[in-house]
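I would ask you to keep the structure in view while I speak.

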Amino acid sequence: MSTEDDQALVGAAASGDHQAFETLVSKYERRIFAVALQLTRNGDLAQELTQEVFVRAWKALPRFQGGASFYTWVYRILKNLNIDRHRRNKRRSSSEFNDEVGWRVSEVGVGYTARQEADGVEHTHRAEMHQVLHSALNQLSENHREILVLREVQDLSYEEIAELMEIPKGTVMSRLFHARRKLKEQVVDMMGEEAEHELLR
C-alpha cells in the first residue's frame with residue numbers, strides 16, 4: 001500500500017471512518033509492537049504501549065497535518081509515550097520477547113527467523129542462539145537497540161530512520177555501525193570463540 005493510499009485512509013479516518021482506521025492499524029500495528037518490544041523489553045508493556053499509540057492516534061487524527069508519513073507520526077507517538085513511561089518510572093523493564101517477531105543482523109552475519117527447524121538438534125541450537133542474541137541486545141543502549149530494530153527488523157532505509165529518529169543520515173550510519181559492533185562483541189563474549197564461526201553462517 002502506497003503513501004498516497006495511507007493519506008486517503010487517514011483522511012477517511014479523520015472524518016470518522018472506523019474501517020479506514022482499522023486498515024491503518026492492521027498495516028502498522030505489528031511494526032509498532034516490534035519497536036515497543038525492543039524499547040521496553042517487556043511483552044505486556046509493549047502491547048499496552050502499542051494499544052495506547054493507536055488510541056492516541058485516533059483521537060489526534062483531525063490534527064494530523066500529513067507533513068510526515070502516518071507511520072512516522074505513530075512512531076513518534078510511541079517514542080513520546082515511552083519517554084513519559086521512563087519519567088513516571090512506574091515499571092521496571094524485564095526481558096520478555098515475542099518469538100513471532102523475527103529479526104536479522106545480516107551485516108554481522110547473524111540470522112534468526114522464528115521458525116521450526118526440521119532437525120531437533122539444529123532447532124535446539126537455533127533456540128539457544130536466539131536467547132543469546134536477545135540477551136546481547138539487552139546489553140545495548142536504548143538508542144542502539146532502537147536503530148538495530150528499525151534497520152534489521154523493519155528493513156527501513158537510512159533516510160527513513162533519520163526521519164523517524166530525527167537525526168542526520170550520517171548519524172544513523174555511524175550509530176548503526178557501532179550498534180552492530182557492540183552486538184557482535186556481546187555475542188562473542190557470551191558464546192566464546194565459536195561465536196565467530198556462528199556469526200558467519
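This is a predicted model: local features need pLDDT of at least 70, side-chain atom pairs count only at pLDDT 80 or more; totals for chains, interfaces and linings use all residues.

Let me begin with helix H2, which covers residues 18-40. A straight helix of 23 residues would span 33 Å, yet the end C-alpha atoms of H2 are only 29 Å apart. Where is the kink in H2 centred? It is centred on tyrosine 28, and its angle is about 45 degrees. At the start of H2, a side-chain oxygen of aspartate 17 comes to within 3.0 Å of the backbone nitrogen of glutamine 19. Just after H2, arginine 41 adopts a positive phi of about 60 degrees.

I turn now to helix H6, residues 142-153, and helix H8, residues 169-191. Their axes come within 9 Å and cross at roughly 100 degrees; H6 is therefore roughly perpendicular to H8. On the H6 side, the contact is made by Asn143, His144, Ile147, Leu148, Arg151 and Glu152. H8 contributes residues including Val172, Leu176, Ala179 and Leu183, together with the charged Arg175, Arg180 and Lys182. By class, this contact of H6 with H8 has six nonpolar, three polar and five charged residues.

Finally, the loops. Most residues other than glycine have a negative phi. Aspartate 155, in the loop between H6 and helix H7, instead has a positive phi near 60 degrees. Glutamate 166, in the loop between H7 and H8, likewise has a positive phi, of about 60 degrees, although it is not a glycine.

Key. Residues are numbered from 1 along each chain as its sequence is written. Side-chain values use heavy atoms; hydrogens and water are left out. Helices (H or I, at least four residues) and strands (E, at least two) are DSSP runs, numbered from the N terminus. The expected span of a helix is 1.5 Å times one less than its number of residues. The bend at a residue is the angle between axes fitted to the seven residues ending there and the seven starting there. A polar contact is a pair of N or O atoms within 3.5 Å; within protein, one must be able to donate a hydrogen and the other to accept it, and residues adjacent in sequence count only if both atoms are side-chain atoms. Axes are lines fitted to C-alpha atoms, for helices over the stretch in contact, and angles run from 0 to 180 degrees between N-to-C directions. Angles under 35 degrees count as roughly parallel, over 145 as roughly antiparallel, 65 to 115 as roughly perpendicular and the rest as oblique. Contact means heavy atoms within 4.5 Å.
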